[in-house]
Amino acid sequence: MLKAGVYRVTITPPIGTYMAGYGARTGPALGVHDDLCARCLVVEDEAGTVAILAVDVLQFPWAFVDRLRTQVESLTGIPAGHVLVSATHTHSGPDIEGRYSPSGPDHALIDIWQRTLAGCVHAAWRHRHEADVGVSLGSVLGIGVNRRTADGRPVDPMVGVISARGRKGPARGVLVNYTCHAVVLGSDNRDFSADYPGYAVRTVEQVEGPETIALFTNGAEGDVNTGHSADLSGIGAPIPGRTFERAQRLGRRLAGEVIEVLSGTPTMLTGPVAATIQSITLPLRQVPSVSEAQAALAAAQADVQRVESTGAAPEAVTAAKIRQFHSEVNLGVAKQREAETAEALMKAELQALRIGDAAFVTIPGELFVELGLEIKNRSPFPYTFAVGLANGSIGYLPTHAAFEAGGYEAVATRFAAGAGEMVRDACLAMLGRLHGV
């Protein structure tokens with residue numbers, strides 16, 4: 001017999017808090033377009049309990065996750081390794097890490113967020129009751145686009161839905177898993193927003209009824225966004241369609257598929273409920289020293305000035321600005337390498353949860369969709385969901401071919417070619433072990 005509980009809290013920070021997601025953004029938040037939330041689903045059987053937390057932020061540093069899990073375990077008794085902490089990856093949320101703020105992390109807000117999120121899990125756990133838990137699959141095209149290819153493929157159109165309905169009341173949890181960056185809104189937006197995932201879950205909640213709480217988990221979205229160049233976005237170039245109206249339209253399209261899926265009959269899940277974690281060591285790519293990276297950036301900045309001064313074609317100016325952007329990103333990787341030990345940078349935690357025939361496998365970063373599709377296709381579970389931006393933030397994990405081809409993700413990653421495939425293989429091994437539980 002399964003039990004389930006669900007809860008939602010608002011986490012919108014004060015106006016004036018710095019936002020995460022774009023180096024080209026020029027200042028802190030000026031307003032709130034729509035509230036940011038944390039939503040949690042807890043599922044339990046006689047042998048174990050798992051908690052899945054979905055939060056409207058860009059990503060979480062590992063230290064934040066570690067402390068949060070410790071708080072949750074103290075409050076609920078749920079083992080830390082059974083708590084999944086995921087970010088929806090909105091690029092219009094707060095800067096938890098202090099990477100985009102001139103004054104670094106806001107420790108007072110971080111403390112409030114940690115206590116609030118731990119409280120959200122605690123409340124979901126306290127509200128657990130006997131429940132019918134089911135899994136369903138849908139598919140939607142026209143939201144996620146592969147930003148590295150001319151035809152926009154491959155993508156992962158699968159919409160995974162876990163539904164939990166209490167047997168003694170109308171309370172209902174709906175977990176949605178879909179693969180696409182939450183980047184409809186660009187660097188010019190300075191209002192807090194949950195982007196298209198926020199519109200999606202709010203629409204599901206509105207249609208399914210006031211007792212419904214829906215949560216969104218992102219997938220292996222490393223090279224999938226809503227249809228624009230990462231490089232143009234990085235330099236703050238104007239890109240048509242990066243509006244709240246389009247975020248609403250895409251979110252409602254996703255919600256429509258979820259609502260259609262919910263109108264059918266799910267495959268019921270019974271158990272077991274279990275989890276496992278594994279630490280993996282990944283190879284680091286070669287990076288220049290900070291001084292070398294600074295010199296390269298200075299040269300790139302001078303090149304932009306030279307190209308602009310000669311009255312070159314807009315395409316040439318854009319290309320020079322992209323080279324400067326890549327130099328800025330590379331400098332950030334070099335500074336990170338200098339500030340942290342190689343051992344700390346190489347380690348990542350992977351996690352796998354199961355609720356009967358449905359399994360979740362987490363990646364603490366941005367795995368490319370090709371590798372996520374392989375995990376799903378080769379998993380021993382009939383229903384497998386990859387959850388990216390979960391339990392940490394180690395950055396991009398491209399395919400070997402994408403690393404060799406270059407581009408923004410290959411510049412931004414701190415790992416060597418082949419790291420993405422290592423994560424894929426480790427995830428599949430974990431799923432195999434969990435399937436035997």
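Predicted model: local features only at pLDDT ≥ 70, side-chain atom pairs only at ≥ 80, totals over all residues.
H7 itself runs over residues 314-339, which makes 26 residues. From its first C-alpha to its last it reaches 37 Å, close to the 38 Å expected at 1.5 Å a residue. Its buried residues are Val317, Ala320, Ile322, Gln324, Phe325, His326, Ser327, Val329, Asn330, Leu331, Val333 and Ala334.

Now for the largest nonpolar core. It holds 34 residues, and the ones touching the most other members are Ile11, Leu53, Phe60 and Leu117.

| Element | Residues |
|---|---|
| Strand S3 | 37-44 |
| Strand S4 | 49-55 |
| Helix H1 | 62-76 |
| Strand S5 | 83-87 |
| Helix H2 | 107-126 |

Which of them gives the most? That would be H2, with 9 residues.

Phe60 is worth a click if you want to see who sits around it. Leaving aside residues up to four places away in sequence, Phe60 touches Val55, Val65, Val85, Ser86, Ala87, Ile96, Leu117, Gly392 and Ser393. Leu117, one of those contacts, is also among the core residues that touch the most other members.

Next, the cysteines. How many disulfides are there? With sulfur atoms required to be within 2.5 Å of each other, the count comes to 0. Take Cys120: the nearest cysteine sulfur belongs to Cys40 and is 5.4 Å away, so Cys120 is in no disulfide under that 2.5 Å cut-off. Cys120 is buried, with a relative accessible area of 0%. Cys180 is buried as well, and its relative accessible area is 0%.

Finally, there's an open sheet of 4 strands, in the order S14-S15-S16-S18, and its pairing is mixed. The edges are taken by strand S14 (273-281) and strand S18 (383-387); each has a single partner strand, so one side of each is left without a neighbour in the sheet. On average, neighbouring strands of this sheet are turned by 15° against each other, direction ignored.

What does S18 do with strand S16 (residues 358-362)? The two pair in the parallel sense, over 5 bridges. You can pick out a spot along that pairing, too: Thr362 stands opposite Val387 in S18.

Notes: Residues numbered from 1 in each chain as written. Heavy atoms only, no water. Expected span 1.5 Å × (residues − 1). Buried < 20%, exposed > 50% of the residue type's maximum accessible area, 1.4 Å probe, protein only. Core = buried A, V, L, I, M, F, W, Y, C linked by side-chain atoms within 4.5 Å. Contact = heavy atoms within 4.5 Å. Pairing = 2+ DSSP bridges. Axes fitted to C-alpha atoms, helices over the stretch in contact; angles between N-to-C directions.
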